[in-house]
Amino acid sequence: MNAHEAAAHRTSALKAGVSEALLHDTGPDALLASTPVMAPAAYAIDYETIFRFAPVGMCISVNRVIQASNDTLTQMFRYAHGALDGQSFLALYPTMDEFLRTGHRIIPIMNARGRYSDERIMRRATGELFWCHVTGRALDAQDPLGPGVWTFEDVSEKRPVSAELTPREREIAAFLVEGKTSKMIARHTDLSPRTVEMHRARLMRKFGAATSSELVHKLVGTR
């Protein structure tokens with residue numbers, strides 16, 4: 001230890017409560033292992049501020065009614081600060097039918113896993129449709145649509161809505177993005193595999209895709 005380090009250590013040791021006599025008797029090097037390390041100052045965590053300014057859209061809901069939403073969520077959906085609080089999730093869906101079908105789909109998955117995640121087309125207050133990655137977690141495992149925490153991520157930059165789609169086509173497109181087959185989609189939607197194939201064919205025409213694989217690539221924005 002050089003003279004400068006020794007002086008600095010002496011000052012730190014004195015501040016920590018080490019007496020001049022003890023410092024003189026033991027020397028600075030011997031005190032290195034015994035001088036108490038001062039813990040950093042504790043910082044108060046303001047969870048309300050963290051929630052409000054989180055970089056991902058977030059909300060707390062009960063029975064699909066938004067109880068509290070953060071700034072990122074309201075900005076994403078083009079609402080004023082706090083304007084979504086007290087509103088049904090219906091405000092974020094293109095149609096009532098899509099709102100209801102998604103709710104029915106969420107229940108069994110929440111019951112089995114306690115959480116839910118998908119990518120779907122949603123609607124801003126301006127009427128603009130956009131792709132959104134949605135994730136939710138139930139706070140009560142026995143009540144999947146009861147108290148819950150939901151996050152929303154706008155993925156429209158890499159996946160724009162580039163064709164006019166019907167509500168059912170939007171639903172089928174969301175399942176295709178997840179990699180589901182026609183038979184799997186049929187089970188989730190209570191449609192026949194033939195009807196799902198019909199919707200897939202319409203999507204292929206609208207997106208100018210020659211194959212199902214090309215359609216999926218165009219849907220996810222990797223064309």
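Below is a chat about pockets, cavities and helix contacts.

A: Happy to! One thing to keep in mind is that this is a predicted model.

Q: Good to know. What volume does the largest pocket have?
A: The largest pocket has a volume of about 160 Å³.

Q: Which residues line the largest pocket?
A: The lining is made up of Arg 105, Ile 109, Arg 113, Arg 115, Tyr 116, Ser 117, Asp 118, Phe 175, Glu 178, Lys 180 and His 188. By class, three of the lining residues are nonpolar, two are polar and six are charged.

Q: And which helix and strand each supply at least two residues of that lining?
A: Those are helix 6, spanning 96–113, and strand 3, spanning 115–123. Strand 3 gives the largest share, with four residues.

Q: Where does the largest pocket lie relative to the domains?
A: It lies between domain 1 (45–157) and domain 2 (162–222), because both of them give residues to its lining.

Q: Okay, cavities now. How many are there of 30 Å³ or more?
A: The count comes to four cavities of 30 Å³ or more. The largest cavity has a volume of about 110 Å³.

Q: What lines the largest cavity?
A: You'll find Tyr 93, Glu 98, Arg 101, Thr 102, Arg 105, Arg 120, Ile 121, Arg 170, Glu 171 and Ala 174 around the largest cavity. That lining has three nonpolar residues, one polar residue and six charged ones.

Q: Which elements do they come from?
A: Helix 6, strand 3 and helix 7 (167–177) each supply at least two residues of the cavity lining. The largest share comes from helix 6, with four residues. As for domains, domain 1 and domain 2 each provide at least three residues of that lining.

Q: Helix 6 and helix 7 again! At what angle do their axes cross?
A: The two axes cross at roughly 35 degrees and come within 10 Å. The crossing of helix 6 and helix 7 is right-handed.

Q: Which residues make that contact?
A: From helix 6 there are Glu 98, Arg 101 and Arg 105, and from helix 7 there are Pro 167, Arg 168, Arg 170, Glu 171 and Phe 175.

Q: Changing topic: at what angle do helix 9 and helix 10 pack?
A: Helix 9 (residues 193–207) and helix 10 (residues 212–219) pack at about 65 degrees, with axes 10 Å apart.

Q: Is that crossing left-handed or right-handed?
A: Helix 9 and helix 10 make a left-handed crossing.

Q: Last one: which residues meet there?
A: Helix 9 brings Arg 200, Leu 203, Met 204 and Phe 207, which meet Ser 212, Leu 215, Lys 218 and Leu 219 of helix 10. In this contact of helix 9 with helix 10, five residues are nonpolar, one is polar and two are charged.

Conventions
Residues numbered from 1 in each chain as written. Predicted model: local features only at pLDDT ≥ 70, side-chain atom pairs only at ≥ 80, totals over all residues. Heavy atoms only, no water. 1 Å grid on protein atoms, 1.4 Å probe; cavity = no way out; pocket = protein on both sides within 12 Å on 5 of 7 lines; lining within 4 Å. Points joined across faces, edges and corners; volume = space filled by probe spheres on them. Nonpolar A, V, L, I, M, F, W, Y, C, P; charged D, E, K, R; others polar. Domains from an automatic or database assignment. Axes fitted to C-alpha atoms, helices over the stretch in contact; angles between N-to-C directions. Left-handed = near helix turned anticlockwise from the far one by under 90°. Contact = heavy atoms within 4.5 Å.
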